[in-house]
Amino acid sequence: MLYTVKEIAALSNVTVKTLHHYHSIGLLLPCEISEAGYRLYGTKELERLQHILFYKELDFPLEKIMQLLEGAPDRLSILASQKELLLARKQRMERVIQTLDESISHAENGEQMNQAEMFKGFCDEEEWMEALAEQKRYLEETYDFSLPSIDSSEVPAMNQMAREAKRFTDGMADFLAKGVKFDDESIHRLISEHIAFLNQSGHATSADDFAARTRFFLDDDFHRKMLEEQQTGLAYYLSTAAESFAAKEKSGTEAKKYD
């Protein structure tokens with residue numbers, strides 16, 4: 001079945017003017033033009049419009065949407081990706097609403113809210129670039145390496161990565177403060193969970209890769225200082241624990257060869 005511009009507008013709550021604009025920039029082309037000059041759209045065009053509107057909900061600019069749809073694989077993959085992005089936004093908005101509720105509660109009781117708690121849930125690409133500015137400058141000056149710019153679509157994943165990094169380093173710092181030995185099973189379990197998260201997030205990381213990364217943190221002034229400011233001795237403790245975990249993983253792999 002084919003639909004006219006007016007019918008598509010009525011179905012999607014998108015104005016005719018907007019649909020004409022999408023046509024003019026090549027974002028949403030009709031499948032055919034009738035003899036009378038009417039733009040006609042089919043199922044594929046309806047599906048593409050749905051994708052466009054989902055991306056619009058995520059505040060993607062039209063240029064970015066066009067890039068994403070041009071290089072997109074199949075419809076199911078696009079929908080799955082959009083669902084993941086929208087769920088991340090939902091989680092962020094839930095955190096913002098929670099912060100708002102807490103702010104209202106403190107205001108009603110005449111209490112001063114903790115400054116760190118006041119800004120939970122606020123984080124976009126500009127905030128990330130500001131947060132990474134010092135590290136970016138250090139990497140450029142020390143290693144002639146430039147961090148890539150951050151796109152709005154990457155922010156949810158970066159926020160998730162930051163939360164996991166904090167969970168992991170806080171856990172390691174807590175083990176260190178309690179005097180837990182670097183090769184304790186509980187530490188190995190924490191490292192294993194962290195590596196699993198990295199792999200699930202698309203950052204292929206083996207136990208040896210992670211150990212090498214912690215050695216870099218130990219040897220590099222910027223990253224060592226960052227860890228040491230959280231907990232004295234954390235950089236060395238983390239590296240030693242990662243080496244221990246990698247050795248354990250290697251011995252386990254070797255043992256399986258002879259089973």
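I take helices (H or I, at least four residues) and strands (E, at least two) as DSSP runs, numbered from the N terminus.

I am working on a predicted model, so I take local features only at pLDDT of at least 70 and side-chain atom pairs only at pLDDT 80 or more, while totals for chains, interfaces and linings use all residues. Residues are numbered from 1 along each chain as its sequence is written, and side-chain values use heavy atoms, with hydrogens and water left out.

**Entry 1, overview.** I count 13 helices and three strands in the chain. I call a residue buried under 20% relative accessible area, exposed over 50% and partly exposed in between (1.4 Å probe, protein chains only). On that scale, buried residues are 29% of the chain's 259 residues. Contact means heavy atoms within 4.5 Å. Of contacts between residues at least 6 apart in sequence, 59% join residues at least 24 apart.

I looked up Asn13 in the loop between H1 and helix H2 (16-24). Its phi is near 60°, a positive value in a residue other than glycine. Most residues other than glycine have a negative phi. Asn13 is exposed, at 72% relative accessible area.

The axes of H1 (residues 5-12) and H3 (residues 43-57) come within 12 Å and cross at roughly 45°. My angle classes are roughly parallel under 35 degrees, roughly antiparallel over 145, roughly perpendicular from 65 to 115, and oblique for the rest. H1 and H3 are therefore oblique to each other. H1 brings Ile8, Leu11 and Ser12 to the contact, and H3 brings Leu46, Leu49 and Leu53. I sort residues as nonpolar (Ala, Val, Leu, Ile, Met, Phe, Trp, Tyr, Cys and Pro), charged (Asp, Glu, Lys and Arg) or polar (the others, Gly among them). The contact of H1 with H3 then has five nonpolar residues, one polar and no charged.

H3 passes H4 in a right-handed crossing. From H3 I list Arg48, His51, Ile52, Tyr55 and Lys56; from H4, Leu62, Ile65, Leu68, Leu69 and Glu70. The contact of H3 with H4 has six nonpolar residues, one polar and three charged.

I pair rings of Phe, Tyr and Trp (its six-membered ring) if their centres lie within 6.5 Å; planes under 30 degrees apart are stacked, over 60 edge-to-face, and the rest tilted. The count by this rule is three aromatic pairs. In Phe168 and Phe210, the ring centres are 5.7 Å apart and the planes at 75°, so the pair is edge-to-face. Phe168 is in helix H9 (residues 155-177) and Phe210 in helix H11 (residues 207-219), so the pair ties together parts 42 residues apart in sequence. Both Phe168 and Phe210 are buried.

Thr214 is in helix H11. Thr214 is buried, at 1% relative accessible area. Leaving aside neighbours within four places in sequence, I find Thr214 in contact with Leu238, Ser239 and Ala242. Ser192 sits in helix H10 (residues 185-200). Ser192 counts as partly exposed at 35% relative accessibility. Ser192 and Ala246 lie 54 residues apart in sequence and 9.9 Å apart in space, C-alpha to C-alpha.

Key
Axes fitted to C-alpha atoms, helices over the stretch in contact; angles between N-to-C directions. Left-handed = near helix turned anticlockwise from the far one by under 90°.
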